[in-house]
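Me: I am new to this structure and would like a close look at a single part of it. Could you take me carefully through one chain and the side it turns to its neighbour?

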Amino acid sequence: MAELSKKNEPAASVDATPNVTGVEVVETGSETAAIEALQAPVDRGEPILQVRNLVKHFPLTQGILFKKQVGAVKAVDGISFDLYQGETLGIVGESGCGKSTVAKLLMRLETATAGEIFYKGQDITKLSGRALKAVRRNIQMVFQDPYTSLNPRMTVGDIIGETFDIHPEVAPKGDRRRRVQELLDVVGLNPEYINRYPHQFSGGQRQRIGIARGLALNPEIIICDEPVSALDVSVQAQVINLMEKLQDEFNLSYVFIAHDLSIVRHISDRVGVMYLGKMAEIGTDEQIYDHPTHPYTQALLSAVPVPDPEARENRERIILTGDVPSPANPPSGCRFRTRCWKAQDKCAQEVPLLAVPERFKGADTPAAHESACHFAEEKDVVHAA
Amino acid sequence: MPENTAVVNETTEPVKAEAAPAKDAGTGKPRSLWSDAWHDLRRSPLFITSAVLILVLLSMAVFPSLWTDGSPTEADLANKYLKKPEWGALFQPEWFGYDIQGRSVYNRVIYGARASITVGVMVTLIVTFLGTVIGMLAGYFGGILDTLLSRLTDIFFGIPFLLGALVILTAFEKRSVWVVILAISFLGWTSMARVARGAVIQVKQTDYILAAKALGASTFRILTRHVLPNALAPIIVVATTALGGYIATEATLSFLGVGLQEPLVSWGVDVAGAFRSIRNAPYVLIMPSVLVSITVLSFLMFGDAVRNALDPKLR
Amino acid sequence: MTLIDESPAPQGAGDSGTPLLEVRDLHVEFHTRDGVAKAVNGVNYTVNAGETLAVLGESGSGKSVTAQAIMGILDMPPGRIPKGEILFRGQDMLKMSGEERRKIRGARIAMIFQDALSSLNPVYSVGFQLGEMFRVHRGLSKKDARAKAVELMDRVKIPAAAQRVDDYPHQFSGGMRQRIMIAMALALEPDLIIADEPTTALDVTVQAQVMDLLAELQREYNMGLILITHDLGVVADVADKIAVMYAGRIVETAPVHELYKRPAHPYTKGLLESIPRLDRKGQELYAIKGLPPNLTRIPTGCAFNPRCPQATDLCRTEVPALFPVTEQDGAELAGRGSACHYWKETLHG
């Protein structure tokens, strides 16, 4: 309920004067201030997407005819971040942390329980009908599984061309086939393959088709949900390179959701680490990978197997005990406390806020980035000691 | 399909054909599921055989006079009582012999096709349409709608088929073909709805449905372009298998005296009537039964061929 | 039974010099609609007791098919083994009767699969499934088997094993299920464990736990371990030696440290260069061009030639053997081999 009263505030100002104040209101919010204050390496311009206190609870029900709610899976539980024009924001986390739900919320494939998503100052969580369709033109998605994300009974031409059937204003009818072939060419596929079916392609080629579909409407933002995790190592690099090339070419902004920390570092400008529906830490790739301050980030990074046996032996390894708790019944206070070696009584009582830790405030150090830990301290676990 | 109408500018097609498999070579036309399926079907021996058989059966049903000059009801008790078949007399009334009332079995088999095939095909169409729509709505939308429709399906499923049909049909004094069709359909749609619901639920969870939603596709488009084509295979299989069953059901009901009645001619009526002479003249029973079997088999083969053609992975 | 009892576990009779497992010139093919898919085309490797061999390869490289052939769980109508030997302690398993192989499978050679959930039977409790190994192979009573199951669950560090022994597979998390799979593989104290992508389905933090456990148990029991994976990182942690597979052949073998430092095959080199780094932000990734070959139409000569930046006419016509790899001065590099005509240039150039 507390969220409800907060929710009206930015939305109201958006209505008053659409673009300018919408951004301003959010910038005065405590969370973005921190990122802005920090040495912002490149001019990233204005945020194109602003996510505020996003919540998604899936109700757990019982009963056959008359369902009654017996609880909720708190898949996403109050997430805030910004996405800037032309940047890539990586979101990492283990399975069940809610990162894929975030992708679906951003795409409006799921309806948020609470919170706002501002696209150019407009809250898209409340949109429907034609307004929503217009937003969809600008926010598109690339899916994880190239085998299930393409309709097996449609040709490649139909799969990509369907976008123009749905948004006829983008391409005149006589032009569509040519546009589809252009798109195939852009993603590095032979335009002659337009009449083939998905199963005639390899995984990497299918993912290119998925990317072409995502590009068809000239969107500004592409949400990528584990776009390369189903691909072979040698093909992953091709697809990652393609995505980077397309970003430069079309000035795309990516939200890149993945569990592979190396790939996320490679492609992202900024990275957010999620744990059990909350954002644990967020910052530039250097801040997160080289100067992590949240214990979960540190454990996650230290666990990544590195293809270099010598570097490996010299690195500190933090092996976590136990498993991720169920999002239906998350621990009180800090969600990571059940697996954290630093946990104290405070962690069970107080939910740590995502903010620049007190001790680093105002300091000119890469450790001064937002981290949701009561006892945040810097620890390099990636580089050999 | 809408894609077929899209204008194609063939001259803009790139000329370089880089190791494209023969199937793709030189085709500039947009393809759709159905045009590709048709392309495949024309080459499938299974389809050609079954289609020819079905055409033959349909011609009997529509133009029985093409096959015989005689009448199915003309009876000559005195001369032709249970007269044996003359296997050499092709396409003549005496070919399959005569029944207990001296009527030509051949004529009756030809004229019986209309009622039997009408019942089989119409019931299948109605049941498939009804079951698919109900199953698709329940499966795709889920929630309360699914709960209600599924319970409704369960209730109908709980009615014993024969008992239900007996009760309904005895209520009618005069039973035309349509009464029988509607009665069987009324009781028969449940299994189709269940199959459709299951298939739709499976398809609904795939990423390409999400992808279509993410593009802003309307629910109608998602259902018709994505859900239905992918859920169709099991529906077609069940439908073609069931078709034979419906023809047999008509025969059963006729035998029990609540289906079609004389003077209507149908294979079911003939099978029902043949029991009286089964020891003396088995051909009176066998000939309409053979036709029922051929019909069932033809539609089964037809369904198999269509299902294969609709699955690009089998190309 | 007799076969197991006669030669008591770890050190079998007369194995001095005989490797635990030796695969010789193994070929496996599958008959498919599109023709004959040649999944394995002459694979040779050996594993000794206490040794970990990592078999590295992408999908379709034949790494899993080789393992299935060793286990004897290939689907044998579409699959066929036209050629080759699989020697377990010097005995060719391909010449054994079905009965003899069954006795080896599970008891002497055990396998751990990627997907623990589908490898466990959902309708039996975990304790029952673990105990079954002892009841069937060792003839223990129900009560004793259950006690053994608890003991095993303790060994693989499942917390509160005694309470959880009657739980069903779905009540365990992914990491715990994989531990149960490991426990099951360990049950009869096999000489060799084949782990096919054992941690691929797990999260990073859990992956580390499971890999550590596997390595620890292997040391303790002095087992041979064949670790099949596509993940160059996982391999680096635990393997002693690595065999890199491509299109059904081994293209490079090396001790683990050497392979990462100085690859001698362009494919291995390309793979290593195409993975992004965790410890620094790189420029554009190196990408191996093209796609892995269709196994029904493997290119002539070296199968990697269409994707190789240094391929010549020789590569397109002649299949390279696994050449022994030496230093520039000719000094031998133990355990190293490369199936590249130009391994010298790759390694030293």
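Reply: What follows describes chain C, beginning with the chain as a whole and then turning to the side that touches chain A. Please keep in mind that this is a predicted model.

Chain C contains 14 helices and 12 strands, and its C-alpha atoms fill a box of roughly 65 × 50 × 45 Å along the principal axes. Its radius of gyration is 21 Å, which agrees with the value near 20 Å that a compact globule of 349 residues would have. Of those 349 residues, 54% are buried, and among the contacts in chain C that join residues at least 6 apart in sequence, 64% link residues at least 24 apart.

Turning to the neighbour, 43 residues of chain C are in contact with 47 residues of chain A, and the two chains bury about 3,700 Å² between them, with 57% of that area on carbon and sulfur atoms. Thr205(C), Leu278(C) and Lys281(C) supply 20% of the area that chain C buries against chain A, more than any other three residues.

Across this interface the rule finds one salt bridge, in which the side chains of Arg317(A) and Asp212(C) meet at 3.7 Å, N to O, and it also finds 12 residue pairs in polar contact, both partners being at pLDDT 80 or more. On the side of chain C that touches chain A, helices H9 (204-221), H10 (232-238), H11 (256-261) and H12 (266-274) each supply at least two residues, and the largest share, seven residues, comes from H9(C). By class, that side has 19 nonpolar, 12 polar and 12 charged residues.

Technical notes:
Residues are numbered from 1 along each chain as its sequence is written. Chains are lettered from A and ligands numbered from 1 in the order in which they are written. This is a predicted model: local features need pLDDT of at least 70, side-chain atom pairs count only at pLDDT 80 or more; totals for chains, interfaces and linings use all residues. Side-chain values use heavy atoms; hydrogens and water are left out. Contact means heavy atoms within 4.5 Å. Buried area is the accessible area (1.4 Å probe) that two parts lose on being put together, summed over both. A salt bridge is a side-chain nitrogen of Lys or Arg within 4 Å of a carboxyl oxygen of Asp or Glu. A polar contact is a pair of N or O atoms within 3.5 Å; within protein, one must be able to donate a hydrogen and the other to accept it, and residues adjacent in sequence count only if both atoms are side-chain atoms. Helices (H or I, at least four residues) and strands (E, at least two) are DSSP runs, numbered from the N terminus. Ala, Val, Leu, Ile, Met, Phe, Trp, Tyr, Cys and Pro count as nonpolar, Asp, Glu, Lys and Arg as charged, and the others, Gly among them, as polar. The radius of gyration is taken over C-alpha atoms; the globule rule is 2.2 Å times the number of residues to the power 0.38. Buried means under 20% relative accessible area, exposed over 50%, partly exposed in between (1.4 Å probe, protein chains only).
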